[in-house]
Amino acid sequence: MDSNALPPLLLQFAATVVLSFVLGLELHSYRRAQDEGIGFGTTRTLTLIGAAGFVLWLLDGPQPRGLYLAGLAALAAWLTVDLARGARLGGALAAGCDASGALLPALIVLLTYGLGPLTLTQPAWLVAAVLIVAILMLAEKPLIRRLSDALPVSEGVTLAKFLILAGLVLPLLPDTPIPGLVDISYAKVWMAVVVISGISYLGYLAHTYVFPAAGTLLTGALGGVYSSTAATVVLARQARTDPGIAAQAPAATVLATAMMYVRLWLVIIALGHWPAALRLALPFGLLLAGSLAMTWWLWRRGRSGAAPAATAKLAPHNPLDLPVAFLFAGLFVAFAALTAFVTQQFGVTGLHVLSFLVGFTDIDPFVLSLLAGHFQVSETAVTTAILIASGSNNLLKADYAIALSRQRTMLPAAAWLALTLAVSALWTMWLWQR
(Lines give C-alpha, C1' and ligand atoms only; values in the text may rest on other atoms or scores of the structure.)
Protein backbone atom coordinates (compact mmCIF):
# COMPACT_ATOMS: atom_id res chain seq x y z
CA MET A 1 0.00 0.00 0.00
CA ASP A 2 1.19 3.50 -0.81
CA SER A 3 2.64 5.12 2.32
CA ASN A 4 0.93 8.38 1.28
CA ALA A 5 -2.42 6.66 1.86
CA LEU A 6 -1.65 6.06 5.53
CA PRO A 7 -3.15 8.59 7.94
CA PRO A 8 -0.51 11.11 9.06
CA LEU A 9 -1.50 10.57 12.68
CA LEU A 10 -0.79 6.84 12.38
CA LEU A 11 2.66 7.55 10.92
CA GLN A 12 3.42 9.95 13.77
CA PHE A 13 2.27 7.42 16.36
CA ALA A 14 4.38 4.69 14.73
CA ALA A 15 7.40 7.00 14.71
CA THR A 16 6.91 7.76 18.41
CA VAL A 17 6.68 4.08 19.30
CA VAL A 18 9.75 3.15 17.24
CA LEU A 19 11.85 5.99 18.69
CA SER A 20 10.77 5.10 22.22
CA PHE A 21 11.71 1.47 21.59
CA VAL A 22 15.14 2.54 20.28
CA LEU A 23 15.75 4.66 23.38
CA GLY A 24 14.75 1.68 25.51
CA LEU A 25 17.26 -0.54 23.73
CA GLU A 26 20.03 2.05 24.18
CA LEU A 27 19.22 2.50 27.87
CA HIS A 28 19.31 -1.27 28.35
CA SER A 29 22.72 -1.47 26.63
CA TYR A 30 23.99 1.41 28.76
CA ARG A 31 22.99 -0.36 31.98
CA ARG A 32 24.59 -3.61 30.88
CA ALA A 33 27.81 -1.76 30.03
CA GLN A 34 27.82 -0.20 33.51
CA ASP A 35 27.10 -3.59 35.19
CA GLU A 36 23.81 -2.25 36.53
CA GLY A 37 20.55 -4.10 37.04
CA ILE A 38 17.61 -3.64 34.72
CA GLY A 39 15.89 -1.22 37.09
CA PHE A 40 13.05 1.08 36.19
CA GLY A 41 12.64 1.94 32.53
CA THR A 42 13.00 -1.27 30.57
CA THR A 43 12.58 -1.30 26.80
CA ARG A 44 8.91 -2.23 27.09
CA THR A 45 8.29 0.39 29.78
CA LEU A 46 9.86 3.17 27.73
CA THR A 47 7.86 2.15 24.65
CA LEU A 48 4.62 2.36 26.63
CA ILE A 49 5.66 5.69 28.22
CA GLY A 50 6.27 7.15 24.75
CA ALA A 51 2.87 5.90 23.53
CA ALA A 52 1.17 7.28 26.66
CA GLY A 53 2.70 10.72 26.14
CA PHE A 54 1.47 10.71 22.54
CA VAL A 55 -2.08 9.71 23.49
CA LEU A 56 -2.40 12.11 26.43
CA TRP A 57 -1.20 15.02 24.30
CA LEU A 58 -3.86 14.22 21.70
CA LEU A 59 -6.67 13.71 24.23
CA ASP A 60 -5.87 16.98 25.92
CA GLY A 61 -6.66 19.05 22.87
CA PRO A 62 -5.06 22.40 22.05
CA GLN A 63 -5.82 23.98 25.44
CA PRO A 64 -5.34 23.28 28.28
CA ARG A 65 -2.75 20.54 28.80
CA GLY A 66 -4.15 19.15 32.01
CA LEU A 67 -4.07 15.45 31.11
CA TYR A 68 -0.54 15.58 29.71
CA LEU A 69 0.77 17.57 32.69
CA ALA A 70 -0.96 15.19 35.08
CA GLY A 71 0.77 12.28 33.37
CA LEU A 72 4.09 14.11 33.61
CA ALA A 73 3.56 14.76 37.33
CA ALA A 74 2.69 11.09 37.93
CA LEU A 75 5.81 10.00 36.01
CA ALA A 76 8.00 12.42 37.98
CA ALA A 77 6.59 11.10 41.26
CA TRP A 78 7.23 7.54 40.11
CA LEU A 79 10.84 8.37 39.23
CA THR A 80 11.36 10.12 42.58
CA VAL A 81 10.13 7.07 44.47
CA ASP A 82 12.38 4.81 42.37
CA LEU A 83 15.44 7.00 43.05
CA ALA A 84 14.71 7.04 46.76
CA ARG A 85 14.25 3.27 46.82
CA GLY A 86 17.55 2.83 44.99
CA ALA A 87 19.29 5.02 47.55
CA ARG A 88 17.87 3.00 50.46
CA LEU A 89 18.99 -0.23 48.82
CA GLY A 90 22.56 1.02 48.53
CA GLY A 91 22.38 2.20 44.93
CA ALA A 92 24.61 4.70 43.25
CA LEU A 93 23.45 7.67 45.28
CA ALA A 94 23.80 5.93 48.63
CA ALA A 95 27.25 4.67 47.73
CA GLY A 96 28.45 8.20 47.04
CA CYS A 97 29.00 7.55 43.34
CA ASP A 98 28.39 9.98 40.55
CA ALA A 99 24.76 11.02 40.69
CA SER A 100 24.53 11.02 36.91
CA GLY A 101 24.54 7.21 37.00
CA ALA A 102 21.10 7.33 38.63
CA LEU A 103 19.77 10.50 37.08
CA LEU A 104 20.60 9.71 33.45
CA PRO A 105 18.01 6.90 33.11
CA ALA A 106 15.42 9.19 34.70
CA LEU A 107 16.19 11.91 32.17
CA ILE A 108 15.86 9.41 29.33
CA VAL A 109 12.45 8.37 30.68
CA LEU A 110 11.27 12.00 30.75
CA LEU A 111 12.62 12.55 27.23
CA THR A 112 10.73 9.48 26.02
CA TYR A 113 7.52 10.86 27.49
CA GLY A 114 8.06 14.06 25.47
CA LEU A 115 8.66 12.27 22.17
CA GLY A 116 4.95 12.22 21.32
CA PRO A 117 4.40 15.99 21.51
CA LEU A 118 7.76 16.50 19.80
CA THR A 119 6.74 14.28 16.87
CA LEU A 120 3.32 15.94 16.61
CA THR A 121 4.46 19.57 16.71
CA GLN A 122 8.07 19.79 15.50
CA PRO A 123 9.83 19.07 12.17
CA ALA A 124 11.33 15.65 11.60
CA TRP A 125 14.93 16.94 11.61
CA LEU A 126 14.53 18.25 15.16
CA VAL A 127 13.10 14.92 16.37
CA ALA A 128 16.02 13.08 14.76
CA ALA A 129 18.54 15.51 16.28
CA VAL A 130 17.12 15.02 19.78
CA LEU A 131 17.22 11.24 19.40
CA ILE A 132 20.82 11.31 18.10
CA VAL A 133 21.98 13.43 21.04
CA ALA A 134 20.29 11.10 23.53
CA ILE A 135 21.83 7.99 21.94
CA LEU A 136 25.29 9.55 21.86
CA MET A 137 25.06 10.51 25.53
CA LEU A 138 24.22 6.90 26.37
CA ALA A 139 26.65 5.14 24.03
CA GLU A 140 29.74 7.35 24.32
CA LYS A 141 30.11 7.72 28.08
CA PRO A 142 33.82 6.63 28.19
CA LEU A 143 34.75 9.05 25.39
CA ILE A 144 32.81 11.91 26.99
CA ARG A 145 34.41 11.19 30.37
CA ARG A 146 37.92 11.22 28.85
CA LEU A 147 37.16 14.46 27.04
CA SER A 148 35.80 16.05 30.21
CA ASP A 149 38.87 15.02 32.19
CA ALA A 150 41.27 16.26 29.51
CA LEU A 151 39.57 19.59 28.81
CA PRO A 152 40.75 22.35 31.15
CA VAL A 153 38.30 24.83 32.64
CA SER A 154 39.79 27.62 30.51
CA GLU A 155 38.56 25.96 27.32
CA GLY A 156 34.97 26.32 28.53
CA VAL A 157 35.60 30.04 28.80
CA THR A 158 37.15 29.98 25.32
CA LEU A 159 34.07 28.31 23.84
CA ALA A 160 31.89 30.87 25.60
CA LYS A 161 33.92 33.62 23.90
CA PHE A 162 33.26 32.10 20.50
CA LEU A 163 29.54 31.86 21.27
CA ILE A 164 29.64 35.53 22.24
CA LEU A 165 31.40 36.43 18.99
CA ALA A 166 29.12 34.38 16.73
CA GLY A 167 25.83 34.05 18.57
CA LEU A 168 25.50 37.29 20.53
CA VAL A 169 27.52 40.09 18.97
CA LEU A 170 26.93 39.22 15.29
CA PRO A 171 23.08 39.23 15.40
CA LEU A 172 23.08 42.54 17.28
CA LEU A 173 25.21 44.44 14.77
CA PRO A 174 23.30 46.40 12.11
CA ASP A 175 23.77 45.67 8.43
CA THR A 176 24.29 49.37 7.76
CA PRO A 177 27.41 50.84 6.12
CA ILE A 178 30.22 52.21 8.24
CA PRO A 179 30.54 55.97 7.70
CA GLY A 180 32.97 56.60 4.85
CA LEU A 181 32.83 52.96 3.68
CA VAL A 182 29.74 52.54 1.57
CA ASP A 183 30.00 48.80 1.00
CA ILE A 184 31.42 47.73 4.39
CA SER A 185 28.80 47.23 7.09
CA TYR A 186 29.25 46.53 10.78
CA ALA A 187 27.81 43.06 10.29
CA LYS A 188 30.27 42.29 7.45
CA VAL A 189 33.22 43.26 9.64
CA TRP A 190 32.14 41.00 12.46
CA MET A 191 31.25 38.16 10.11
CA ALA A 192 34.85 38.27 8.89
CA VAL A 193 36.01 38.10 12.52
CA VAL A 194 33.79 35.07 13.16
CA VAL A 195 34.96 33.24 10.00
CA ILE A 196 38.66 33.73 10.67
CA SER A 197 38.27 33.01 14.39
CA GLY A 198 36.31 29.83 13.66
CA ILE A 199 38.88 28.40 11.21
CA SER A 200 41.76 29.37 13.49
CA TYR A 201 39.96 27.85 16.48
CA LEU A 202 39.57 24.52 14.69
CA GLY A 203 43.31 24.47 14.02
CA TYR A 204 44.01 25.40 17.63
CA LEU A 205 41.80 22.59 18.96
CA ALA A 206 43.33 20.05 16.58
CA HIS A 207 46.86 20.98 17.59
CA THR A 208 46.15 21.23 21.32
CA TYR A 209 43.89 18.22 21.91
CA VAL A 210 43.70 15.92 18.88
CA PHE A 211 47.43 15.94 18.09
CA PRO A 212 49.11 17.22 21.27
CA ALA A 213 52.29 15.24 20.51
CA ALA A 214 52.37 15.96 16.80
CA GLY A 215 55.66 15.58 15.00
CA THR A 216 57.44 18.52 13.43
CA LEU A 217 55.82 18.01 10.01
CA LEU A 218 52.29 17.79 11.42
CA THR A 219 53.05 20.76 13.66
CA GLY A 220 53.76 22.81 10.54
CA ALA A 221 50.49 21.70 8.93
CA LEU A 222 48.38 22.48 11.99
CA GLY A 223 50.21 25.74 12.58
CA GLY A 224 49.48 26.80 9.03
CA VAL A 225 45.76 26.49 9.68
CA TYR A 226 45.72 29.43 12.06
CA SER A 227 48.96 31.31 11.20
CA SER A 228 51.61 30.15 8.75
CA THR A 229 53.79 33.14 9.69
CA ALA A 230 53.71 32.27 13.40
CA ALA A 231 54.46 28.62 12.58
CA THR A 232 57.44 29.67 10.45
CA VAL A 233 58.85 31.87 13.22
CA VAL A 234 58.58 29.12 15.84
CA LEU A 235 60.03 26.45 13.57
CA ALA A 236 62.97 28.66 12.57
CA ARG A 237 63.79 29.60 16.16
CA GLN A 238 63.75 26.00 17.33
CA ALA A 239 65.72 24.81 14.31
CA ARG A 240 68.50 27.18 15.36
CA THR A 241 69.09 25.34 18.64
CA ASP A 242 68.00 21.76 17.89
CA PRO A 243 69.70 19.78 15.08
CA GLY A 244 66.85 17.26 15.02
CA ILE A 245 64.25 19.95 14.39
CA ALA A 246 66.56 21.68 11.89
CA ALA A 247 66.40 18.55 9.72
CA GLN A 248 62.61 18.62 9.42
CA ALA A 249 61.87 22.33 9.90
CA PRO A 250 62.26 23.20 6.17
CA ALA A 251 59.58 20.69 5.16
CA ALA A 252 57.29 21.82 8.00
CA THR A 253 57.77 25.48 7.02
CA VAL A 254 56.74 24.87 3.42
CA LEU A 255 53.81 22.72 4.56
CA ALA A 256 52.59 25.57 6.80
CA THR A 257 52.53 27.82 3.73
CA ALA A 258 50.66 25.16 1.76
CA MET A 259 47.98 25.20 4.46
CA MET A 260 47.81 29.00 4.12
CA TYR A 261 46.49 28.58 0.57
CA VAL A 262 43.89 26.10 1.82
CA ARG A 263 42.82 28.46 4.61
CA LEU A 264 42.54 31.49 2.34
CA TRP A 265 40.48 29.60 -0.23
CA LEU A 266 38.15 28.20 2.45
CA VAL A 267 37.67 31.69 3.88
CA ILE A 268 36.75 33.01 0.42
CA ILE A 269 34.27 30.17 -0.01
CA ALA A 270 32.82 30.75 3.47
CA LEU A 271 32.15 34.38 2.58
CA GLY A 272 30.38 33.28 -0.58
CA HIS A 273 32.64 35.25 -2.96
CA TRP A 274 32.44 32.69 -5.75
CA PRO A 275 33.99 34.77 -8.57
CA ALA A 276 37.22 35.20 -6.61
CA ALA A 277 37.14 31.56 -5.46
CA LEU A 278 36.85 30.31 -9.04
CA ARG A 279 39.57 32.64 -10.34
CA LEU A 280 41.95 31.62 -7.54
CA ALA A 281 41.22 27.89 -7.70
CA LEU A 282 43.82 27.19 -10.41
CA PRO A 283 46.74 29.37 -9.17
CA PHE A 284 46.16 28.40 -5.55
CA GLY A 285 45.85 24.77 -6.60
CA LEU A 286 49.15 24.89 -8.49
CA LEU A 287 50.93 26.66 -5.63
CA LEU A 288 49.45 24.16 -3.16
CA ALA A 289 50.54 21.19 -5.29
CA GLY A 290 54.03 22.64 -5.73
CA SER A 291 54.33 23.31 -2.00
CA LEU A 292 53.26 19.77 -1.17
CA ALA A 293 55.78 18.35 -3.65
CA MET A 294 58.53 20.54 -2.16
CA THR A 295 57.46 19.42 1.33
CA TRP A 296 57.84 15.77 0.32
CA TRP A 297 61.28 16.39 -1.18
CA LEU A 298 62.49 18.33 1.87
CA TRP A 299 61.10 15.69 4.19
CA ARG A 300 62.95 12.92 2.34
CA ARG A 301 66.09 15.05 2.39
CA GLY A 302 65.75 15.68 6.12
CA ARG A 303 65.27 12.00 6.88
CA SER A 304 68.54 11.12 5.20
CA GLY A 305 70.48 13.34 7.64
CA ALA A 306 72.26 11.93 10.66
CA ALA A 307 70.58 14.25 13.17
CA PRO A 308 68.36 12.52 15.74
CA ALA A 309 64.61 12.86 15.42
CA ALA A 310 62.99 15.73 17.32
CA THR A 311 59.64 17.43 17.58
CA ALA A 312 58.95 21.14 17.38
CA LYS A 313 56.68 22.58 20.05
CA LEU A 314 54.40 25.24 18.67
CA ALA A 315 52.35 26.11 21.80
CA PRO A 316 49.64 27.93 19.84
CA HIS A 317 47.98 30.99 21.30
CA ASN A 318 44.23 30.87 21.68
CA PRO A 319 42.75 32.66 18.63
CA LEU A 320 39.53 33.63 20.44
CA ASP A 321 40.93 36.21 22.82
CA LEU A 322 38.58 39.19 22.60
CA PRO A 323 41.41 41.76 22.24
CA VAL A 324 42.64 39.78 19.22
CA ALA A 325 39.14 39.85 17.73
CA PHE A 326 38.85 43.61 18.22
CA LEU A 327 42.32 44.11 16.72
CA PHE A 328 41.32 42.06 13.68
CA ALA A 329 38.13 44.11 13.29
CA GLY A 330 40.15 47.32 13.53
CA LEU A 331 42.62 46.12 10.89
CA PHE A 332 39.73 45.07 8.67
CA VAL A 333 38.22 48.58 8.75
CA ALA A 334 41.63 50.25 8.35
CA PHE A 335 42.55 48.13 5.32
CA ALA A 336 39.12 48.72 3.79
CA ALA A 337 39.53 52.49 4.15
CA LEU A 338 43.08 52.37 2.82
CA THR A 339 42.04 50.19 -0.13
CA ALA A 340 39.19 52.54 -1.00
CA PHE A 341 41.55 55.53 -0.95
CA VAL A 342 44.28 53.81 -3.00
CA THR A 343 41.90 52.47 -5.65
CA GLN A 344 40.24 55.88 -6.04
CA GLN A 345 43.52 57.75 -6.32
CA PHE A 346 45.86 55.29 -8.04
CA GLY A 347 43.66 52.56 -9.53
CA VAL A 348 44.81 48.98 -10.05
CA THR A 349 48.53 49.85 -9.96
CA GLY A 350 48.11 51.41 -6.54
CA LEU A 351 46.16 48.35 -5.35
CA HIS A 352 48.96 46.02 -6.48
CA VAL A 353 51.59 48.09 -4.66
CA LEU A 354 49.40 48.12 -1.55
CA SER A 355 48.92 44.35 -1.79
CA PHE A 356 52.66 43.80 -1.92
CA LEU A 357 53.23 45.98 1.15
CA VAL A 358 50.34 44.42 3.09
CA GLY A 359 51.95 41.02 2.59
CA PHE A 360 54.55 42.02 5.16
CA THR A 361 51.79 42.30 7.76
CA ASP A 362 48.70 40.19 8.49
CA ILE A 363 47.05 39.49 5.13
CA ASP A 364 43.80 37.97 6.42
CA PRO A 365 42.02 41.25 7.30
CA PHE A 366 43.21 42.79 4.03
CA VAL A 367 41.93 39.88 1.93
CA LEU A 368 38.57 39.86 3.70
CA SER A 369 38.14 43.63 3.43
CA LEU A 370 39.00 43.40 -0.27
CA LEU A 371 36.31 40.75 -0.77
CA ALA A 372 33.67 42.44 1.35
CA GLY A 373 33.91 45.84 -0.31
CA HIS A 374 32.98 46.81 -3.85
CA PHE A 375 35.89 49.01 -4.77
CA GLN A 376 36.42 50.72 -8.11
CA VAL A 377 38.34 47.77 -9.54
CA SER A 378 37.46 44.64 -11.49
CA GLU A 379 37.22 41.06 -10.24
CA THR A 380 40.54 40.39 -11.96
CA ALA A 381 42.16 43.14 -9.89
CA VAL A 382 40.77 41.60 -6.69
CA THR A 383 42.14 38.19 -7.67
CA THR A 384 45.60 39.50 -8.52
CA ALA A 385 45.74 41.59 -5.35
CA ILE A 386 45.15 38.47 -3.25
CA LEU A 387 47.82 36.60 -5.21
CA ILE A 388 50.37 39.38 -4.71
CA ALA A 389 49.61 39.73 -0.99
CA SER A 390 50.01 35.98 -0.40
CA GLY A 391 53.23 35.95 -2.42
CA SER A 392 54.84 38.87 -0.55
CA ASN A 393 53.75 37.26 2.73
CA ASN A 394 55.71 34.18 1.66
CA LEU A 395 58.74 36.41 1.03
CA LEU A 396 58.42 37.64 4.61
CA LYS A 397 58.36 34.02 5.83
CA ALA A 398 61.43 33.23 3.75
CA ASP A 399 63.28 36.07 5.48
CA TYR A 400 62.15 34.80 8.88
CA ALA A 401 63.21 31.24 8.05
CA ILE A 402 66.77 32.29 7.15
CA ALA A 403 67.30 35.05 9.72
CA LEU A 404 65.92 33.21 12.74
CA SER A 405 67.22 29.71 12.04
CA ARG A 406 70.68 30.58 10.68
CA GLN A 407 70.71 27.10 9.16
CA ARG A 408 71.84 26.24 5.64
CA THR A 409 69.16 23.54 5.60
CA MET A 410 66.53 26.30 5.48
CA LEU A 411 67.81 27.68 2.17
CA PRO A 412 65.72 25.39 -0.11
CA ALA A 413 62.56 26.18 1.84
CA ALA A 414 63.27 29.91 1.74
CA ALA A 415 64.02 29.70 -1.98
CA TRP A 416 60.70 28.00 -2.64
CA LEU A 417 58.79 30.61 -0.60
CA ALA A 418 60.46 33.37 -2.59
CA LEU A 419 59.67 31.51 -5.82
CA THR A 420 55.96 31.52 -4.97
CA LEU A 421 56.07 35.32 -5.10
CA ALA A 422 57.58 35.14 -8.58
CA VAL A 423 54.90 32.65 -9.65
CA SER A 424 52.16 34.90 -8.25
CA ALA A 425 53.62 37.91 -10.10
CA LEU A 426 53.84 35.99 -13.39
CA TRP A 427 50.26 34.77 -12.99
CA THR A 428 49.17 38.35 -12.35
CA MET A 429 50.87 39.51 -15.54
CA TRP A 430 49.28 36.68 -17.51
CA LEU A 431 45.79 37.56 -16.24
CA TRP A 432 46.16 41.18 -17.29
CA GLN A 433 47.41 40.25 -20.76
CA ARG A 434 44.42 38.03 -21.50
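## A walk through the model, helix by helix

Start by selecting Ser 392, which sits in helix H16; helices here are DSSP runs of H or I with at least four residues, strands are E runs with at least two, and both are numbered from the N terminus. A word on what you are looking at: this is a predicted model, where local features need pLDDT of at least 70, side-chain atom pairs count only at pLDDT 80 or more, and totals for chains, interfaces and linings use all residues. Residues are numbered from 1 along each chain as its sequence is written, and side-chain values use heavy atoms, with hydrogens and water left out.

**Stop one: Ser 392**

Is Ser 392 buried or exposed? Ser 392 is buried, because its relative accessibility is 0%; buried means under 20% relative accessible area, exposed over 50%, and partly exposed in between, with a 1.4 Å probe and protein chains only. Now show what surrounds Ser 392: leaving out residues up to four places away in sequence, it touches Ser 355, Phe 356, Gly 359, Phe 360 and Leu 421, where a contact means heavy atoms within 4.5 Å. Zoom in on Phe 356 and find its backbone oxygen, which is 3.0 Å from a polar atom in the side chain of Ser 392.

**Stop two: the end of H16**

Follow H16 (379–405) along to Arg 406, in the loop that links it to helix H17 (411–433). Arg 406 counts as exposed, because its relative accessibility is 61%. What is the phi of Arg 406? Positive, at about 55 degrees, even though Arg 406 is not a glycine. As background, most residues other than glycine have a negative phi.

**Stop three: Pro 243**

Next, click on Pro 243, in helix H12. With a relative accessibility of 56%, Pro 243 is exposed.

**Stop four: the salt bridge**

In general, side chains of opposite charge can pair when their charged atoms come close. How many salt bridges are there by this rule? The count is one. Since Asp 364 belongs to helix H15 (residues 363–372) and Arg 263 to helix H12 (residues 243–270), the pair ties together parts that are 101 residues apart in sequence. Both partners are buried, and for Asp 364 the relative accessibility is 8%. Besides Arg 263, Asp 364 touches Ile 196, Leu 264 and Phe 328, again not counting residues up to four places away in sequence.

**Stop five: H1 beside H6**

Show side chains where they meet. On H1, pick Leu 19, Val 22, Leu 23, Glu 26, Leu 27 and Tyr 30; facing them on H6 are Val 127, Leu 131, Ala 134, Ile 135, Leu 138 and Ala 139. By class, this contact has eleven nonpolar, no polar and one charged residues (nonpolar: Ala, Val, Leu, Ile, Met, Phe, Trp, Tyr, Cys and Pro; charged: Asp, Glu, Lys and Arg; polar: the others, Gly among them).

**Stop six: two leucines**

Still in H1, select Leu 9. Leu 9 is partly exposed, at 42% relative accessibility. Setting aside neighbours within four places in sequence, Leu 9 is in contact with Phe 54, Leu 58 and Leu 120. Leu 120 is 111 residues from Leu 9 in sequence, with 8.2 Å between their C-alpha atoms.

Then move to Leu 67, in helix H3 (residues 66–88). Leu 67 is partly exposed, with a relative accessible area of 42%. Outside four places in sequence, Leu 67 touches Leu 56, Leu 59, Asp 60 and Tyr 113. From Leu 67 to Trp 57 is ten residues in sequence and 7.4 Å in space, C-alpha to C-alpha.

**Last stop: zoom out**

Show everything: the protein has 17 helices and two strands. Of its 434 residues, 44% count as buried. Among contacts between residues at least 6 apart in sequence, 76% join residues at least 24 apart.

Notes:
Salt bridge = Lys/Arg side-chain N within 4 Å of Asp/Glu carboxyl O. Polar contact = N/O pair within 3.5 Å; in protein donor to acceptor, adjacent residues only side chain to side chain.
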